[in-house]
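Good morning, colleagues. Please look at the sequence and the structure as I bring them up.

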Amino acid sequence: MKYSYNIALCSGLVLAFNLNAKTYQRPNIIHIMCDDHAFQAISAYGSAVSKLAPTPNIDRLANEGMIFQRAYVENSLSAPSRATLLTGLYSHQHGQKTLGKGFDERLPVFPELLQKSGYQTAIFGKWHLACEPKGFDDYKILFDQGDYYNPEFKSKDSDGKYVREEGYATTLITDYALNWLSNRDKKKPFCLMLHQKAPHRNWMPEEKYLNLFNDVEFPYPSTLYDNYATRSDAAKTQEMSILKDMTYAYDLKIDQLADSGDSPALVRYWEKIKKRMNPAQENAWVEAYRKQNNDFVTAKLKGEDLLKLKYQRYMRDYLRCVKSVDDQVGRVLNYLEKEGLLNNTIIVYTSDQGFYLGEHSWFDKRFMYEESFRTPLIIRYPKMIKKGLVNTDLVQNIDFAPTYLELAGLKSTNLPGLSLVPLFKSKTPLSWRDELYYHYYDYPGAHSVRKHEGVSTKRYKLIHFYGEGYGKDKGKNIDAWELYDLVNDPNELNNIAENTSYQDELNNMKVRLSKKRTALNIKE
Ligand code: SGN
Ligand code: CA
């Protein structure tokens, strides 16, 4: 096997912590990963939107730990990110490059190694890989993307079947996690992966929050009207525009407008989803949206006004879902506090990628532009991390596996990522990476984002869009370069690849990309 872990218990690593190896107590690990949770929707990150929809429990993790300002993924999509988390590998190395099948199940995954070394391991919530979970003592996973209301879960005891559970996904997933923690063997350390489905599309809030934010007008991102003037065709041919692609019924819950251009497949899907609700849930739902839907229909808005109202409706539902996520993080923290586990448990809060909250006029993710390439990352571990620290080093989701292995006293070899442990102590090694490699492959696919790869330093980002066009893009092969100066143009509005003053930077970045491709053996 090409990628291997050395599973020997490694006292050398333990000593590297400056702790006495004999007294080193391996920490418990809780990896909380929410689906599509934009950093812009976490108040600790300080965006204008998040100030109106605060997340006090997630913020507590940041206040008592370290917030990473420059955490990124290597491929902004769920299944690839999940495979990367488990293996520590890039998409082309573990095979899960798109949402379809691809994961090389023979590869070792870090929970399996933790399990073999004496950890109790479990995963609850979204799984999203075509294979069965391995390396977990217990699991309860959603079917595919999972449902918000009364979702179906497969568990160790369900005979391979998905079984409907009554309730709201975010709460149920947390219930399972806390129940597992309560019944664990207290003599052994644990590794718990708590993977929420929320706030993934189609953003269905919990009953009690259906009216939250009704009177709030969320501020608009400064790039809401981006016209992609300096960009390649890729930004112009995507299908993730709030104005054009966000549907009335499925996305915005305005059923009266289902025949005003919505995709019939999504309308049918939405009808099916609604049937999952029990009568009380359905009533609450209809009541909550009645007035605002009537207002929306009566207003008959067009153009900019329509975009703004769609954005408001999108933000309200998205942030309502986030509110439930934050509540449940609070429940987990309370449990750990009550059980005296807050000191020796590393709690990681992150997402499987970033997400657009109207920036560039979009929802969804996939692009290497900051809002989807970047992801939230907050880590609380008082034994190593002092309170209230802000980290600005370039970190990436390939770093999780080496971090967890090091914390568990295990050694990893041949992994492309870096353990974050030295950063916890605010001592960035001089040799820390100064660039990130990114590659998106899922085209043709939902939202029509063209294939691209790139490298990013703290200062510049180079993106290369490539490949044949399909469907509506048939005949439009693309081979386009974009370069952004992240310091002078943090919103990435000015592609300077063709600007004569930046040809040295362009060439330097092209050399970086070419070297990365060689080092990582990229074939595509
Ligand atoms: C579904 C969504 C897409 C989303 C992908 C991937 N469509 O296909 O909007 O981009 O998931 O999301 S939906 O009609 O099913 O809602 S991911 O987080 O799993 O990568
Ligand atoms: Ca996702």
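**The ligand and its surroundings**

A polar backbone atom of Ser78 lies 2.8 Å from an oxygen atom of ligand 1, a polar contact, that is, a pair of N or O atoms within 3.5 Å. This is a predicted model, in which local features need pLDDT of at least 70 and side-chain atom pairs pLDDT 80 or more, while totals for chains, interfaces and linings use all residues. Residues are numbered from 1 along each chain as its sequence is written, chains are lettered from A and ligands numbered from 1 in the order written, and side-chain values use heavy atoms, without hydrogens and water.

Which residues come nearest to ligand 1? Among the 19 residues around ligand 1 (a heavy atom within 4 Å), they are Tyr250, Asp364, Lys365, Arg366 and His447.

Let me turn to the domains, whose bounds come from an automatic or database assignment. Ligand 1 lies between domain 1 (28–203 + 319–424) and domain 2 (236–314), because both give residues to its shell. The assignment also gives domain 3 (437–520). The C-alpha centres of domain 1 and domain 3 are 28 Å apart, and 28 residues of domain 1 contact 27 of domain 3, contact meaning heavy atoms within 4.5 Å.

Technical notes. A polar contact is a pair of N or O atoms within 3.5 Å; within protein, one must be able to donate a hydrogen and the other to accept it, and residues adjacent in sequence count only if both atoms are side-chain atoms.
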